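Please have the sequence and the model at hand while reading.

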Amino acid sequence: MVDIEVQIPSAFDPFADVDQDSSGGAGVKEYVHIRIQQRNGRKSLTTVQGLKKELSYEKILKDLKKEFCCNGTVVQDKELGKVIQLQGDQRKNVSAFLTRAGIVKKDQIKIHGF
């Protein structure tokens with residue numbers, strides 16, 4: 001018989017590249033990942049993951065919601081820790097906000113998505 005390798009397509013995991021980026025080593029930068037997740041139709045979510053643990057996620061979320069006129073929440077994930085979710089495509093807005101507020105530097109932000 002002939003052995004044939006069959007690759008079964010799996011669902012796309014938007015957080016799969018986080019493990020590659022944080023795979024240890026001296027001098028590895030801690031990145032803040034800003035992603036978009038498609039919901040249904042034209043609806044989407046923007047997720048912000050990788051902020052420092054000592055920051056107040058609730059205060060950051062409150063300022064983001066007020067500035068961009070959108071709703072959002074802080075979700076506790078087992079593997080990723082706290083993740084901020086915002087309604088709509090707010091990737092560029094969130095990136096500009098985080099650098100302007102001095103929370104992270106521009107070279108520490110990775111924007112993922114379409």
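The text below treats the sheet, the helices, the aromatic rings and the cysteines in turn.

The model is predicted: local features need pLDDT of at least 70, side-chain atom pairs count only at pLDDT 80 or more, and totals for chains, interfaces and linings use all residues. Residues are numbered from 1 along each chain as its sequence is written, and side-chain values use heavy atoms, without hydrogens and water.

**Sheet.** An open sheet of 5 strands runs in the order β3-β4-β2-β1-β5, with mixed pairing. Strands (E, at least two residues) and helices (H or I, at least four) are DSSP runs numbered from the N terminus, and two strands pair if DSSP finds at least two bridges between them. The edges of the sheet are β3 (72-77) and β5 (109-111), each of which pairs on one side only. On average, neighbouring strands are turned by 25° against each other, direction ignored. Strands β3 and β4 (residues 81-87) run antiparallel and are joined by 6 bridges; threonine 73 stands opposite glutamine 85 in β4.

Axes are lines fitted to C-alpha atoms, for helices over the stretch in contact, and angles run from 0 to 180 degrees between N-to-C directions.

| Helix | Lies across | Angle |
|---|---|---|
| α2 | β3 and β4 | about 10° to β4 |
| α3 | β1 (32-38), β2 (44-49), β4 and β5 | about 160° to β1 |

**Aromatic rings.** The structure holds 1 aromatic pair. The ring centres of phenylalanine 68 and phenylalanine 97 are 6.3 Å apart and the planes stand at 75°, so the pair is edge-to-face. Rings of Phe, Tyr and Trp (its six-membered ring) pair if their centres lie within 6.5 Å; planes under 30 degrees apart count as stacked, over 60 as edge-to-face and the rest as tilted. The pair links helix α2 (residues 57-68) with helix α3 (residues 91-100), its members being 29 residues apart. Both phenylalanine 68 and phenylalanine 97 are buried, where buried means under 20% relative accessible area, exposed over 50% and partly exposed in between (1.4 Å probe, protein chains only).

**Cysteines.** A search of the whole structure finds 0 disulfides, a disulfide being a pair of cysteine sulfur atoms within 2.5 Å. The sulfur of cysteine 70 lies 7.9 Å from the closest cysteine sulfur, that of cysteine 69, which is too far for a bond. Cysteine 69 counts as exposed because its relative accessibility is 72%, whereas cysteine 70, at 13%, counts as buried.

Notes: Contact means heavy atoms within 4.5 Å.
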